[in-house]
Amino acid sequence: MNCPHCTSLTTKERQKSTILGYRTFRCFACQRIFNERTRTPFNSLEYPTDIVLLVVVWRLRYKLRLRDLAEMFLERGFVFTHEAIRDWEARFAPLVADHLRAKRRGQAGTSWDVDETYVKGATRTLLLTLSEAKEISSLVGFGLPPKA
């Protein structure tokens, strides 16, 4: 691993790790000790990176309340406040969004398809199965045998 301070290649991994379990290294050029998260946006966090990113992704994806997220992780043994989640969201949501945009680039197509949709009728619910060509391939009424 390159030294984040002097960009030297003469580093050696130490046997000692951080409290959170991240590997530590020693640079022979500048004599500094650093870990995997040095000079990253996650360096000053008191919690593991994966937990913080999970909180941010859940907040963005499922629109959970800040206090609900703090309570969910309290049940799992991670104690932090809703204000910490607000700070994490402000710091890391743009990074997550940029990463997802870069990962998605070039993969979205112009066509789309619907697998199933439910239509409520007057007497029974019908299941419409749409094929990839967006044509109705079968119409099955619940409680009735399919027509051949």
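The points below take the salt bridges in turn.

1. The model is predicted, so local features need pLDDT of at least 70 and side-chain atom pairs count only at pLDDT 80 or more, while totals for chains, interfaces and linings use all residues. Residues are numbered from 1 along each chain as its sequence is written, and side-chain values use heavy atoms, with hydrogens and water left out.

2. A salt bridge is taken as a side-chain nitrogen of Lys or Arg within 4 Å of a carboxyl oxygen of Asp or Glu. By this rule there are six salt bridges.

3. One of them pairs Glu13 with Arg23, at 3.6 Å from N to O. Glu13 belongs to strand β1 (residues 11-17) and Arg23 to strand β2 (residues 23-27), 10 residues apart. Strands (E, at least two residues) and helices (H or I, at least four) are DSSP runs, numbered from the N terminus.

4. Glu13 is partly exposed at 42% relative accessibility, and Arg23 is partly exposed at 37%. Here buried means under 20% relative accessible area, exposed over 50%, and partly exposed in between (1.4 Å probe, protein chains only).

5. Arg59 and Glu89 form a salt bridge at 3.0 Å, N to O. Because Arg59 lies in helix α1 (residues 49-62) and Glu89 in helix α3 (residues 82-104), the pair ties together parts 30 residues apart in sequence. Arg59 is partly exposed, at 21% relative accessibility.

6. Asp68 and Arg65 also form a salt bridge, with their closest N and O atoms 3.6 Å apart. Asp68 is partly exposed at 30% relative accessible area, whereas Arg65 is exposed at 51%.
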